[in-house]
Amino acid sequence: MKPSYRFWIVGLILAAGMLVAVACNGDDDGDGGGTTPDATEPPSTADVPGVSDTEVFLGTHTSLTGPIAAYSIIPNFALAYFDFINATEGGVAGRTIRYKLADDAYDPSKAVDLTRQLVEQDKIFALFNALGTPNHLQVIDYLQERGVPDMYVATGAIEWVKDPSARPLVFGSNPNYTGEGLVLGKYIADNFAGGKVGIILQNDDFGIDGAAGIEIGVGDAVEIVGQLPYEVTDPDLFSQIDTLRAADADVVVLFSTPLLLGNAIKHARNDLNWDVPFVISAVSMNELTGLIAGGDVIEGTVGLVATYMGYHSDIPGVATHIEILDGIGVPPEQASTLSLYSQYVSELMVETLERAGEDLTRESLVAAAESIRDWVCSVCLFPVTLGPDDHDPGQAGAIATFDSNGQIVVSDLAYSWEGVSVADLSVDALVQIDVPSAALTTP
Amino acid sequence: MDSIVSLTGLWPDTAVMLAAPPWEDPSLFAQLIISGIASGSLFAILALAIVLIYRSTNILNFAQGEMAMFTTFMAWTFMTRMDFWPAFFVALLVAAAMGGALERLVLRPVEDGPPLNSVIVTLGLFTIFNGLALWIWGPLPKGFGPFSVFKGSAICASDVCIGRLSLGTLIVALIVMLALYLLFQRTGLGLAMRATAQNRLASQLVGIPVNNMLTLGWALSATVGAVAGVLVAQSVSLTTGTLFVILLYAFAAAVLGGLDSSIGAVVGGLSIGVLKNLSAVYVPPEVGSVDVAMAFLVIVLVLMVRPAGLFGRPAARRV
């Protein structure tokens with residue numbers, strides 16, 4: 001019996017490796033699609049999938065379990081928010097919002113099956129706030145072909161927003177990673193001029209889009225001593241940190257999810273006595289990262305934010321936020337940039353449905369989204385503008401810093417790249433904007 | 001850092017650093033090895049738990065990582081009520097009880113069937129523990145250490161450093177390894193456990209309380225797993241997914257070292273950690289991000305030459 005074990009352990013490991021390879025390969029396939037949607041069908045109010053006189057049915061693939069289960073507060077809060085709107089306002093335009101969450105556990109192949117189920121069996125009206133870049137890449141063209149609106153995807157990959165004419169039914173929600181990288185790059189150029197920057201990036205659209213922005217942002221002011229990719233399956237970022245330390249980096253950029261990011265910063269501080277400043281992606285610019293790394297380790301780390309913080313409870317939107325969280329058993333101190341992001345994007349969806357009004361069709365929904373101008377959600381720092389050529393709502397961010405308690409402190413330095421398409425992103429395209437003074441109060 | 005290679009296609013006009021070769025930057029080379037040992041010692045401890053259960057019950061426990069995760073969450077709960085050390089030891093006791101109970105209640109009915117049945121049961125346990133932990137403690141990561149024993153600045157010799165947690169993990173791995181070695185090679189109890197794993201019927205005939213041996217194997221393994229969990233969680237963080245990635249490497253370490261050798265588990269774990277780090281840095285980026293693949297390639301090569309692993313004893317069978 002003994003040898004046969006070994007065979008199938010190795011087999012299992014190889015199989016797991018292959019799965020990862022297939023998943024990564026799939027990302028590339030997603031890029032090449034670019035199919036045109038079926039726009040020939042005339043709009044009909046009578047027979048719109050997922051819409052009745054009393055209800056509108058939304059759904060999404062998302063992460064409730066699996067490696068990024070920590071983000072499940074996003075779909076769970078959205079669900080609670082829609083319940084809140086249904087209870088307090090009777091829904092939108094006389095229709096209650098039903099929202100179905102299909103858990104793909106961050107597994108791209110599951111996302112495909114679940115999305116097909118949502119569209120073909122559940123017959124949802126629209127996808128809302130799909131979570132996970134590699135997962136959503138697998139279904140983006142399917143949704144376009146099926147004519148299903150793909151509203152406010154919960155990642156900042158430029159794939160969703162770079163060309164609305166090629167994919168007219170998809171809208172982003174986060175600041176796109178290249179725009180975010182651009183602002184962070186400019187911050188580095190302004191603060192570390194003449195120095196050396198090292199970049200550690202997740203080897204997929206998230207990291208690559210972000211690193212591209214950093215590179216534009218730093219320009220010639222700073223030398224990039226290394227761009228070190230890692231895979232999501234890697235257990236730690238030790239070798240990347242060691243290498244950048246050997247290269248005498250003056251600042252390190254991390255486009256990574258919270259767990260590995262915490263691990264990387266801990267390695268620098270605790271294992272190497274290296275007090276290099278870190279600049280990180282908004283993906284990890286949340287209180288979870290502070291909790292994982294510990295306040296003493298993460299203190300001073302810089303990134304972008306676009307909402308108020310949980311401790312800004314004087315802001316009416318934040319007060320409502322805490323109330324809704326309380327309704328689902330989450331204590332106020334667990335309000336985070338993740339849950340606040342969820343409120344922003346849920347409010348954006350409600351706003352879109354309101355604009356579409358009673359004659360709700362998939363076409364009118366997209367048109368309603370494209371009509372949004374200078375709209376500010378109740379927990380947002382900056383306005384949102386969309387249009388036929390602009391499916392990228394969050395195109396601004398404020399520089400923020402972790403304090404010694406792992407809380408995020410917002411600064412008065414913010415930039416906007418509103419209306420600038422991904423291809424035209426440059427330092428000159430950035431406009432410095434004001435941060436609401438209420439956001440500057442510290443915890 | 002002169003050798004800059006551009007990675008065309010991925011980032012059109014971006015330079016990706018290729019680190020200086022070891023002879024030009026020996027301190028980076030040394031640091032990569034030390035850091036590799038640090039991550040490798042985490043793999044090694046969990047690998048020891050796997051080896052322990054294999055030696056004492058002759059099955060592979062795929063739920064090892066999730067059990068460790070579960071007991072670490074329990075330790076976290078205890079720590080909200082008491083200090084680190086008492087909480088840690090209570091968690092170890094609970095882990096031992098849990099491991100023993102699992103063997104008695106869940107594994108016992110399938111133990112007499114083909115080993116594959118037991119393995120499938122452990123796969124089931126994997127899912128159950130993950131679901132339970134998610135249900136009890138929720139998806140949010142928990143802040144977990146590093147605890148005061150492991151706090152303080154890193155220990156450096158010129159430019160090469162090791163953190164206190166990493167050093168502590170390595171020392172714990174070596175202690176557990178030594179303890180297991182002594183248990184299995186130098187005590188009557190260990191001999192009885194090995195005999196049980198080898199041939200249950202014959203062991204029973206010579207008067208070994210076979211059932212107790214199996215229970216003890218699971219209890220000890222769960223305890224070692226709990227130690228691993230507490231160390232991993234301090235290094236990475238405590239979430240329901242934390243131990244899964246480590247488990248994959250721990251299995252690789254156990255297989256590389258030889259599934260029945262505790263020394264092999266540690267050597268295997270450390271080698272994989274070091275190999276992973278070195279190939280991440282010294283393999284040209286055109287080849288891609290191959291650190292993990294490279295580590296596994298080496299395992300396959302080793303197993304082709306030594307199917308029983310580096311330290312494993314080949315299973316000889318008289319026919």
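This is a predicted model: local features need pLDDT of at least 70, side-chain atom pairs count only at pLDDT 80 or more; totals for chains, interfaces and linings use all residues.

Visitor: Which hand does the crossing of H1(B) and H9(B) have?
Guide: Helix H1 of chain B covers residues 26-57, and helix H9 of chain B covers residues 242-257. Where H1(B) passes H9(B), the crossing is right-handed.

Visitor: How are H1(B) and H9(B) oriented to each other?
Guide: Their axes lie 8 Å apart, and the helices pack at an angle of about 70°. Angles of 65 to 115 degrees count as roughly perpendicular. H1(B) is therefore, relative to H9(B), roughly perpendicular.

Visitor: How many residues of the contact of H1(B) with H9(B) are nonpolar?
Guide: H1(B) brings residues including B:Leu42, B:Phe43 and B:Ile50, while H9(B) brings others, among them B:Leu243, B:Tyr249 and B:Phe251. In this contact no residue is polar and none is charged; the nonpolar ones number 14.

Visitor: H1(B) also packs with H5(B). Are these two roughly parallel or roughly perpendicular?
Guide: Helix H5 of chain B spans residues 164-186, and its axis is 8 Å from that of H1(B), at an angle of about 25°. Angles under 35 degrees count as roughly parallel. H1(B) and H5(B) are therefore roughly parallel.

Visitor: Which hand does the crossing of H1(B) and H5(B) have, and how many of the contact residues are charged?
Guide: H1(B) passes H5(B) in a left-handed crossing. The contact includes B:Ile37, B:Leu48 and B:Arg55 of H1(B), and B:Leu170, B:Met177 and B:Gln185 of H5(B). Its residues divide into 13 nonpolar and four polar, and the number of charged ones is one.

Visitor: What is the orientation of H3(B) to H8(B)?
Guide: H3(B) runs over residues 84-107 and H8(B) over residues 210-235, with their axes 7 Å apart and an angle of about 140°. The crossing of these two helices is right-handed. Roughly antiparallel needs an angle over 145 degrees. At about 140°, H3(B) is therefore, relative to H8(B), oblique.

Visitor: How many polar residues are in the contact of H3(B) with H8(B)?
Guide: Among the residues that meet are B:Phe88, B:Gly99 and B:Glu103 in H3(B), and B:Asn211, B:Thr215 and B:Trp218 in H8(B). The contact has 14 nonpolar residues and two charged ones, and the polar ones number six.

Visitor: What area is buried between chain B and chain A?
Guide: Chain B gives 71 residues to the contact and chain A gives 50. Carbon and sulfur atoms account for 64% of the buried area, whose total is about 5000 Å².

Visitor: Which residues form the salt bridge between chain B and chain A?
Guide: Over all chains the structure holds twelve salt bridges, and one is counted between chain B and chain A. Its closest N and O atoms are 3.0 Å apart, and the partners are B:Lys276 and A:Asp236.

Visitor: How far apart along the helix are A:Glu120 and A:Arg116?
Guide: The side chains of these two residues meet in a salt bridge, with 3.7 Å from N to O. Because A:Glu120 and A:Arg116 are four residues apart in helix H3 (residues 108-121) of chain A, their separation is about one helical turn.

Conventions. Residues are numbered from 1 along each chain as its sequence is written. Chains are lettered from A and ligands numbered from 1 in the order in which they are written. Side-chain values use heavy atoms; hydrogens and water are left out. Axes are lines fitted to C-alpha atoms, for helices over the stretch in contact, and angles run from 0 to 180 degrees between N-to-C directions. A crossing is left-handed if the near helix is turned anticlockwise from the far one by less than a right angle, and right-handed if clockwise. Contact means heavy atoms within 4.5 Å. Ala, Val, Leu, Ile, Met, Phe, Trp, Tyr, Cys and Pro count as nonpolar, Asp, Glu, Lys and Arg as charged, and the others, Gly among them, as polar. Buried area is the accessible area (1.4 Å probe) that two parts lose on being put together, summed over both. A salt bridge is a side-chain nitrogen of Lys or Arg within 4 Å of a carboxyl oxygen of Asp or Glu.
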